[in-house]
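Thanks for coming. Please have a look at it before I start.

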Amino acid sequence: MDPTCSSESIYNLIPSDWKEPPPPPRYVSVFKAAVKDDKQKFKTAMKTMGPAKLEVPSPKDFLKKHSKEKTLPPKKKFERNEPRKPPVPLRTDHPVMGIQSEKNFINTNAADVIMGVAKKPKPIYVDKRTGDKHDLETSGLVPKYINKKGYGVTPEYIRKRNEEVKKAQEEYDDYIQENLREAAMKRLSDEEREAVLQPRKRIVVAEKENGVLLPLGPGNTLLPISG
């Protein structure tokens, strides 16, 4: 049965050998010939490092003696601005002899030691009885910072900041209280309350006596009821 045939046919019952279809043609670049020609053309142009041809120096420009030595600046006349030192004494010169000092160095040194202020020993500490000595001042064992004048005192900038925060909080509280007072209902005094309730009380009393509602006239005055 031919696998390429999808529809049913009686010819499919005839056995046949299936042939593999030929592969598609291989892709060949159209620039292949030009690339080969360029490669062959420039193949021997750069066989050595650098350009193939260099400019040959002229035979007249050969290397001459002392041609590459550095030239020194022109010599200047030396002028001495400082005075000369005294000359070295000659071998035949003799020093002045017989000069002696009458100062008693032993007594002078003893007097300086006796009259001088005694040196205080440098404070040290050791880790143990046979340990090494260390400087006590830089060890951190001396309470230097707690004895300072400003130790434990709140810094000035923190105190100012706390005052500003407190002032801002007070202003905010005043603002909130003012808004609450404006939004709240008006509180009447005792006199105003009595003036408002007095006509109502008379109405209630009249209703209880007559069983009817008495209307109020101008100025909260009771109107007479016509019989």
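Helices (H or I, at least four residues) and strands (E, at least two) are DSSP runs, numbered from the N terminus. With that in hand, Ile10 sits in the segment before helix H1, which covers 32-41.

A word on where this comes from. It is a predicted model, in which local features need pLDDT of at least 70, side-chain atom pairs count only at pLDDT 80 or more, and totals for chains, interfaces and linings use all residues. Residues are numbered from 1 along each chain as its sequence is written, and side-chain values use heavy atoms, with hydrogens and water left out.

Now the overall picture. The chain has four helices and two strands, and their order from the N terminus is α-α-β-β-α-α. How many of the residues count as buried? Of 227 residues, 3% do, where buried means under 20% relative accessible area, exposed means over 50%, and partly exposed is in between (1.4 Å probe, protein chains only). Contacts are heavy atoms within 4.5 Å. Among those between residues at least 6 apart in sequence, 0% join residues at least 24 apart.

The chain exposes about 24,600 Å², and carbon and sulfur atoms supply 58% of that. These areas come from the Shrake-Rupley method with a 1.4 Å probe; for residues, only the protein chains shown count as cover.

Back to Ile10. It is exposed, at 64% relative accessible area. Together with Tyr11, Leu13 and Ile14, Ile10 forms a nonpolar surface patch of about 530 Å² accessible area. Patch residues have over 30% relative accessible area and no salt bridge; like charges are joined within 9 Å, and nonpolar side chains (Val, Leu, Ile, Met, Phe, Trp, Tyr) within 5 Å.

Next, charged pairs. Side chains of opposite charge can pair when their charged atoms come close. The rule for a salt bridge is a side-chain nitrogen of Lys or Arg within 4 Å of a carboxyl oxygen of Asp or Glu, and by this rule there are six.

One joins Arg181 and Glu178, with the closest N and O atoms 2.6 Å apart. The two are three residues apart in helix H3 (residues 156-183), so about one helical turn separates them. Arg181 is exposed at 54%, while Glu178 is partly exposed at 35%.

Lys144 pairs with Glu137, closest N and O atoms 3.9 Å apart. Glu194 pairs with Lys201, also at 3.9 Å. Finally, Glu156, Arg159 and Glu163 are linked in a network of salt bridges.
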